[in-house]
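User: I would like to go through a structure step by step, please. Could you show it to me before I start asking?

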Amino acid sequence: MSCPAGFTFDTERKAPFAAITETLKPGELFVHWDYDILWTENHIPASRLEPLRKVGDVLADNALEVLKVKPGQDGFKALLEYTSRPENEQESPAPQLLMDQMMTVPEWVDWEQVRRGQEVYWRYHLFIINALLHFSLAGGFAIPKIAKVLNSTGFLNGKKTKQRVMETAQFILDVTHSLEYLQPGTGVAWESIIRVRLLHANVRTRLSRLSRAHSKYYNVEEHGVPINQEDLLATLFSFSNTMWRVMEKRMDVHMAPQEREDYLHLWRYVGYMMGVDDVLGVTHSPELADACLESIVLHLADPDSESGRSCASLLQNIAPQPIIPTKIITAIGLPDPYKIHLALAEHLLGKELWKDNGLPTMSPGYHLITKGIINFMVFDLWLVNKWPWWFRMRSPWIRDGHYLYISSAIGKKRTHFELKALPQLADMSSMSIDDAKNGKRVTISSFVGRAWPMVLTAATAAVGMALALAQVFP
């Protein structure tokens, strides 16, 4: 039997640390890579997490089945059109049930705390966007069961990777924009959340069908329901508490306890709208979220050279192509943007995890550049904390600049997260570890190629403007 295009044979690999979670007792210390995990009563053994892998998002899955949205169509518009019909013209209540849930704000939502959570994002914006890309996304490929879904949907396709990352960036900007953007029925972020939720339902449905027809390519029994409840929790944590953990561990920047609570509250509400059914109650506090995150990592993480190739391919495909050819850059000693991405990922993921991914250690020069970038972010945070007026001015500038960059990168003003077909061509990336060492590149649009020096120039100008304004408004 031949393999469908875009899919590969796969054998199940069980994370080597999952069994340990069944024997650890509160108070025991476990060293995982270079992180110290102190097991507590809040931690969750793998046997309690595994059932979550059998559960998807029933409301969204049932609604999508009725809507029959095709690849390329806007799921939100289809849902809105269907639920706008008279009740006697609706063949199934499933779409209305989904809409009712999306229109309902849980009693636990504190809008003032949500607003503060959005403010936390913009205060630490530079740290968070770097951690999201170089830790959460790059390191996420160390989880084979999640990487299997990403690979099967063509996420690492060179032609699609950058667009997918830009779409995710737009989603984050929408969610953190304002309370108005999150309002049910009218908010821009609210609409984006519905679209992404239906997009996930589409992936779940199509991969589940594939599993029934070709279990060797995607096996629900082995990998779990695609984008299941444990995956959704892991994704929620990758946007929320992972940020303050990476900032503290790798950048020596600490969120205050109240900031952590506010930021988690924002993402708890987003998670609710995204279909996260928090049956374990792990999103209620930063302490519970941290314990669950560590438990999920022990349950699922199993890095190897395959995950390393996926990580390197991701960074390769999103790195801007320099104006000067790579050979000239190497000859005259200029830094390669792709290797800067690798150095940032190595720093944030840590040397042990980086080594287990089979990736090469970057040269001291690139580590020096990494320190310079982090110092720049620290300086920006210092300006934000010292002068509130600077925070109020700088955040909208950055947000609007990101929206402009994203629209240029994806070729349209906004993405509507249209449902996508599974890959029809075997167009997965095949970059090897040697490519990472040699800095081989892919061709990206000329606009992006010119963008990275422009960004550096703009950043320098922003700092200079801040210092100049500081002289006027001490």
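User: What share of the 474 residues in the chain is buried?

Analyst: Buried residues make up 55% of the 474 residues. Buried means under 20% relative accessible area, exposed means over 50%, and partly exposed lies in between, with a 1.4 Å probe and protein chains only. Please note that this is a predicted model, in which local features need pLDDT of at least 70, side-chain atom pairs count only at pLDDT 80 or more, and totals for chains, interfaces and linings use all residues. Residues are numbered from 1 along each chain as its sequence is written, and side-chain values use heavy atoms, with hydrogens and water left out.

User: How many helices and strands are there in the chain?

Analyst: The chain has 23 helices and two strands. These are DSSP runs numbered from the N terminus: helices are H or I with at least four residues, and strands are E with at least two.

User: And what share of the contacts join residues at least 24 apart?

Analyst: Among contacts between residues at least 6 apart in sequence, 79% join residues at least 24 apart. Contact means heavy atoms within 4.5 Å.

User: Let us turn to the strands. How many bridges join β1 to β2?

Analyst: Four bridges join β1 to β2 (residues 35–38), and the two strands run antiparallel. Strands pair if DSSP finds at least two bridges between them. Phe30 stands opposite Ile37 in β2. The two strands form a hairpin with two residues between them.

User: Which side chains of β1 are buried?

Analyst: In β1 (residues 29–32) the side chains alternate.

User: What is the phi of Trp33 in the turn?

Analyst: Trp33 has a positive phi of about 55°. Most residues other than glycine have a negative phi.

User: Where is Asp34, and what is it in contact with?

Analyst: Asp34 is in the loop between β1 and β2. Asp34 counts as partly exposed because its relative accessibility is 22%. Apart from neighbours within four places in sequence, Asp34 is in contact with Lys249, Arg250, Gly350 and Glu352. The C-alpha atoms of Asp34 and Leu349 are separated by 9.7 Å, while the two residues are 315 residues apart along the chain.

User: Which other residues have a positive phi?

Analyst: Ile227 has a positive phi of about 50°, and Asp252 has one of about 55°. Ile227 is in the loop between α11 (220–223) and α12 (229–239), whereas Asp252 is in the loop between α13 (241–250) and α14 (257–273).

User: Is Ile227 buried or exposed, and what about Asp252?

Analyst: Ile227 is at 14% relative accessibility, so it counts as buried. Asp252 is at 60%, so it counts as exposed.

User: Now the helices. At what angle do α13 and α15 pack?

Analyst: Two packed helices are described by the angle between their axes and the distance between the axes. α13 and α15 (residues 286–300) pack at an angle of about 80°, with axes 10 Å apart. The axes are lines fitted to C-alpha atoms, for helices over the stretch in contact, and angles run from 0 to 180 degrees between N-to-C directions. The two helices are therefore roughly perpendicular. Angles under 35 degrees count as roughly parallel, over 145 as roughly antiparallel, 65 to 115 as roughly perpendicular, and the rest as oblique.

User: Which residues meet there?

Analyst: Asn241, Thr242, Trp244 and Arg245 in α13 meet Pro286, Ala289, Asp290, Leu293 and Glu294 in α15. By class, this contact has four nonpolar, two polar and three charged residues. Ala, Val, Leu, Ile, Met, Phe, Trp, Tyr, Cys and Pro count as nonpolar, Asp, Glu, Lys and Arg as charged, and the others, Gly among them, as polar.

User: What is Phe237 in contact with?

Analyst: Phe237, which lies in α12, is in contact with Thr242, Val282, Thr283, Ala289, Cys292, Leu293 and Ile296, leaving aside neighbours within four places in sequence. Phe237 is buried, with a relative accessible area of 0%.

User: Finally, how do α16 and α18 pack?

Analyst: α16 (residues 305–318) and α18 (residues 337–349) pack at about 140°, with their axes 9 Å apart. That angle makes α16 oblique to α18. The contact of α16 with α18 divides into six nonpolar, two polar and no charged residues.
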